[in-house]
Amino acid sequence: MKKKLQILFSFYIKSSMHVALAAVSLAFISLQVASQRPTYSLLIFIFCSAFFAYNFVKIYPVIKTKNSKNFPHLIFWLSFECGLASLYLFFKLTAATQLIVFVGGILVLLYSVPFSQNKENLRNSKGWKMYLVVLTWILLTVGVPLAMTPTFDVNLFLQLMLIQGVYIFVAIIPFEIRDLAIDSSSLNTLPQRLGVFRVKILGWVLLSIALVLTFYFFGRMTPFTLSTVLSFGLLAIFLARSTPNQSSYFSSFWVEAIPIVWAVTYYFID
């Protein structure tokens, strides 16, 4: 029984279900802050889009090299079905939301697919990786939910973009610290440029600034502020404990679980 649970848990992580739930959680928070009741169709669209995008990034290089050994067939077909579901739900979105999704889709393609046979994709281009991930996530977790509201609140969009953007940026750092040993030096990641200790300092400073902005924008004792304080505190602790030799699921499960904690905390405090 224990072995079966371990297999299921491993599949849950490797299939990107966990990261897709994290994206849904951040989108749920954006809708709650905008005082909008989340619709199942929108949350399903966000889950399926994140699931498809992450697995596309992972599976595309395997397909390109035509390496059939250990090909993730189940994940491939689940991703294909999620892609179809996303396409179906896409036509139920508003025109503004569709535009945001289209831009996000282009970014995913640029992240994964080389411009030409002689060029790298942006994921492997110097200094681009982290910023593309942050921008893509913001479009999906802030832009898409707010674009579905009756009146798009530009100020709220900018506020949530700053706060969630900082969160996503800092949450990537434990992954980059983990990958120090395998990342090519040409990627020029933050831990490569600054070193592990200084990149942690940068993360804590950014989280502190984002918390100050949260208090300023949303007040001191509001559900969003309280849940943000808890979630940023957890991220700061995980950042402190990040090492190149971290355990297998330290980043891929525990760090990725923080948005879920954030959404659940917000829901019960509200």
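Predicted model: local features only at pLDDT ≥ 70, side-chain atom pairs only at ≥ 80, totals over all residues.
Visitor: OK, so which residues of α4 are buried?

Guide: In α4, the buried residues are Ile 75, Ser 79, Cys 82, Gly 83, Ser 86, Leu 89 and Phe 90. Seen down the axis of α4, these buried residues fall within an arc of 130°, so they line one face of the helix.

Visitor: And which ones are exposed on the other side?

Guide: On that other side of α4, the exposed residues are His 73, Leu 74, Glu 81 and Tyr 88.

Visitor: Why would residues a few places apart point the same way?

Guide: An α-helix has 3.6 residues a turn, so residues three or four places apart point the same way.

Visitor: How far apart are the ends of α4?

Guide: The end C-alpha atoms of α4, which runs over residues 73-90, are 25 Å apart, and this agrees with the 26 Å that its 18 residues should span at 1.5 Å a residue.

Visitor: Switching topic, how many residues are in the largest nonpolar core?

Guide: The largest nonpolar core has 72 residues, and Ile 46 and Phe 224 are those with the most contacts inside it. Helix α7, residues 154-178, gives the most to this core, with 14 residues.

Visitor: What does Phe 224 touch?

Guide: Not counting residues up to four places away in sequence, Phe 224 touches Ile 29, Val 33, Leu 160, Ile 163, Thr 214, Phe 218, Trp 262 and Tyr 266. Phe 224 also belongs to one aromatic cluster, together with Tyr 167, Tyr 216, Phe 217, Phe 218, Phe 232, Trp 262 and Tyr 266.

Visitor: What about Thr 225, is that buried or exposed?

Guide: Thr 225, which lies in helix α10, is buried, with a relative accessible area of 1%. A polar atom of the Thr 225 side chain lies 2.7 Å from the backbone oxygen of Gly 219.

Visitor: And Leu 234, where does that one lie?

Guide: Leu 234 lies in helix α10 as well, but at 26% relative accessibility Leu 234 counts as partly exposed. Leaving aside neighbours within four places in sequence, Leu 234 is in contact with Ile 258 and Val 261.

Visitor: Last one: how many aromatic pairs are there?

Guide: The structure holds 23 aromatic pairs. One of them joins Phe 152 and Phe 157, whose ring centres are 5.5 Å apart with their planes at 45°, so the pair is tilted.

Conventions: Residues numbered from 1 in each chain as written. Heavy atoms only, no water. Core = buried A, V, L, I, M, F, W, Y, C linked by side-chain atoms within 4.5 Å. Buried < 20%, exposed > 50% of the residue type's maximum accessible area, 1.4 Å probe, protein only. Helix = DSSP H or I, 4+ residues; strand = E, 2+ residues; numbered from the N terminus. Contact = heavy atoms within 4.5 Å. Polar contact = N/O pair within 3.5 Å; in protein donor to acceptor, adjacent residues only side chain to side chain. Expected span 1.5 Å × (residues − 1). Arc of directions from axis to C-beta. Phe/Tyr/Trp six-rings, centres within 6.5 Å; stacked < 30°, edge-to-face > 60°.
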